[in-house]
Amino acid sequence: PFHIEDFKRELIENIRTTVGSKQVVCGVSGGVDSTVLAVLLNEAGVNVRAIFVDQGLMRKNEGDEVRNNFHRMGVEIETVDASERFLTALSGVDDPEKKRKIIGELFVDVFWDAVGNAEMLAQGTLYPDVIESASNAKSKASKIKTHHNRVDRILELQEQGKVLEPLAELFKDEVRALGTSLGIPQDILMRHPFPGPGLAVRCPGIITEDRLEIIRECDAIFISRLKEYGWYDKVWQAYAGLVPVKTVGVKGDERSYEWAITLRAVVSEDAMTADWVELPSALLRETSNRILNEVKGVNRVLYDISTKPPASIEWE
Ligand code: XMP
């Protein structure tokens with residue numbers, strides 16, 4: 001049988017051996033994987049710098065929450081505010097793969113600018129990321145999308161043996177078990193996964209500050225309703241995204257011509273496949289009413305009832 005305590009001890013031993021006295025840097029996003037990674041490295045007692053890059057694609061209040069969470073766990077992190085650089089680089093770009101490439105490469109640039117000449121890079125890559133990227137590489141026809149942690153620059157580093165991926169054999173539930181055994185609070189471990197490219201993959205078409213702001217407001221309402229109704233922990237992932245289409249409606253006595261937004265809530269074992277969730281209609285109704293009343297620029301709320309496959313969890 002698989003014992004998480006033994007596994008943890010072995011991981012820590014391996015990390016100490018591989019790293020020795022070198023300095024390791026790791027990016028933290030506030031997500032479960034990078035949080036477990038940072039706490040694990042901290043626990044291993046190696047020389048680590050944890051860096052949080054704000055790419056301007058975070059959800060509402062996310063930066064503050066992340067900083068608070070690490071503060072609670074006694075792990076020091078450094079913040080780099082690169083939101084302007086990202087939004088400028090993304091300006092006018094609407095092709096999903098181009099957006100991902102820009103974000104991935106800029107992330108690496110910003111990150112290495114911040115770390116200077118660190119000797120090793122640690123990443124919270126999980127097993128499903130490894131297989132999805134591998135199958136992408138094998139067949140060009142089945143190239144689904146470029147995961148941000150598998151861009152060329154990182155592949156180069158990998159070839160030089162400078163990338164440490166201690167979670168690469170684990171599925172999400174095993175990462176959570178490891179996190180629990182490392183003493184990470186449950187509310188942090190139960191956070192939904194959030195993609196590296198952030199809200200960009202929930203904002204099809206061009207990315208503007210206005211559009212991101214709409215997504216942030218709608219998402220915050222949806223997530224707060226899920227928590228209120230006790231559904232947050234029952235779903236794998238949930239979010240609001242923008243449908244980059246304006247449609248006609250009526251607000252007050254006036255014709256409106258505003259954005260549509262989509263709500264998505266899925267259950268999944270490992271993100272390789274997913275099913276949409278039959279949320280209670282009261283929850284959906286309250287979410288929709290609040291969004292339509294409170295969020296300027298939105299006059300239509302849709303609920304995404306697509307399984308993965310053929311859809312993916314994110315929109316890009
Ligand atoms: P898809 O949209 O491919 O998403 O069904 C599967 C899971 O992966 C997350 N995701 C990403 N995570 N970098 C990440 O770290 C990425 O580029 C990325 N793209 C998607 C997504 O949120 C879902 O949990």
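**A friendly first look at the model**

Me: How far apart do the C-alpha centres of domain 1 and domain 2 lie?
Reply: Happy to start there, keeping in mind that this is a predicted model. The protein is divided into domain 1, residues 4-189, and domain 2, residues 208-303. Between the C-alpha centres of these two domains, the distance is 28 Å.

Me: How many residues of domain 2 are in contact with domain 1, and which classes make up the side of domain 1 that touches domain 2?
Reply: Six residues of domain 1 take part, and they are in contact with eight residues of domain 2. On the domain 1 side, the classes are three nonpolar, no polar and three charged.

Me: Is helix α1 roughly parallel or roughly perpendicular to helix α2?
Reply: Helix α1 covers residues 4-19 and helix α2 covers residues 32-44, with their axes 9 Å apart. The two pack at an angle of about 70 degrees. Angles of 65 to 115 degrees count as roughly perpendicular. Therefore α1 is, relative to α2, roughly perpendicular.

Me: Which residues of α2 meet α1, and what classes does the contact have?
Reply: From α1 come Leu 11, Ile 12, Ile 15 and Arg 16. Their partners in α2 are Leu 40, Leu 41, Glu 43 and Ala 44. By class, the contact of α1 with α2 has six nonpolar, no polar and two charged residues.

Me: Which residues are closest to the ligand, and how many of those surrounding it are charged?
Reply: The ligand is surrounded by 13 residues, the closest being Pro 195, Gly 196, Ser 312, Ile 313 and Glu 314. The shell has six nonpolar and five polar residues, and the charged ones number two.

Definitions and conventions
Residues are numbered from 1 along each chain as its sequence is written. This is a predicted model: local features need pLDDT of at least 70, side-chain atom pairs count only at pLDDT 80 or more; totals for chains, interfaces and linings use all residues. Axes are lines fitted to C-alpha atoms, for helices over the stretch in contact, and angles run from 0 to 180 degrees between N-to-C directions. Helices (H or I, at least four residues) and strands (E, at least two) are DSSP runs, numbered from the N terminus. Angles under 35 degrees count as roughly parallel, over 145 as roughly antiparallel, 65 to 115 as roughly perpendicular and the rest as oblique. Two residues are in contact if their C-beta atoms, placed from the backbone, lie within 7 Å. Ala, Val, Leu, Ile, Met, Phe, Trp, Tyr, Cys and Pro count as nonpolar, Asp, Glu, Lys and Arg as charged, and the others, Gly among them, as polar. Domain bounds come from an automatic or database domain assignment. A residue is near a molecule or strand if its C-beta atom, placed from the backbone, lies within 6 Å of it.
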